[in-house]
Amino acid sequence: MRTVKIVLLTVFMFSIIPTEGSTSGPTLLTSVLPEDIEPEEGMTEEVSSSDVDWNAVMDAIIQVESRGNARAVNGNQVGAMQITPICVQECNTILKGRNQSKRYTLNDRYSVKKSKEMFMIIQSYHNPGNDVEVAIRSWNGGPRYSKKRTQRYYERVMSEMK
């Protein structure tokens with residue numbers, strides 16, 4: 001069963017297999033969450049703090065992905081951040097692994113706030129070093145992104161941040 005899950009999750013965007021430098025244990029998030037996102041009950045504080053303005057990064061991604069349209073639909077990608085069902089499933093897998101009761105639904109992708117929460121959960125797991133470039137590229141190309149294939153996306157997001 002676990003093998004089937006791993007194959008299904010890697011097919012599209014995010015896998016449940018930790019990437020290099022990530023942790024599978026409980027870490028999270030108040031130091032990584034932007035000011036406008038409240039930590040959920042049961043989330044523990046990450047040891048290191050982040051100087052990254054994640055709101056600026058997420059707002060730039062939103063502009064590139066949907067031009068700010070929370071109702072945007074492109075195939076199975078929906079919402080302001082164009083979140084896929086696999087991404088929702090990955091967030092729920094991460095939360096389950098952290099013994100947290102919070103779960104996201106496919107409809108949560110239409111909420112900008114919940115989309116940003118999912119982004120931060122993905123980043124806290126797959127990007128524990130809080131690297132902005134990794135965050136942007138992996139949002140577009142998954143945790144095992146190709147620099148070449150994500151270059152144009154990375155440049156577009158960075159230009160929105162200026």
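Where is the place of Arg-67? Arg-67 sits in the loop between H2 and strand E1 (73-74); helices (H or I, at least four residues) and strands (E, at least two) are DSSP runs, numbered from the N terminus.

Hi everyone! This is a predicted model, where local features need pLDDT of at least 70, side-chain atom pairs count only at pLDDT 80 or more, and totals for chains, interfaces and linings use all residues. Residues are numbered from 1 along each chain as its sequence is written, and side-chain values use heavy atoms, leaving out hydrogens and water.

Most residues other than glycine have a negative phi. Arg-67, not a glycine, has a positive phi of about 55°. Arg-67 is also exposed, with a relative accessible area of 53% (exposed means over 50%, buried under 20%, partly exposed in between, with a 1.4 Å probe and protein chains only).

Asn-99, in the loop between H3 and H4, has a positive phi of about 55° and is not a glycine. Asn-99 is exposed, at 73% relative accessible area.

Now, the inside. The largest nonpolar core has 28 residues; such a core is a set of buried Ala, Val, Leu, Ile, Met, Phe, Trp, Tyr and Cys residues joined through side-chain atoms within 4.5 Å. Its largest share, seven residues, comes from H2. Ile-61 is among those with the most contacts inside this core. Leaving aside residues up to four places away in sequence, Ile-61 touches Met-81, Phe-119, Trp-139, Tyr-153 and Val-157, where contact means heavy atoms within 4.5 Å.
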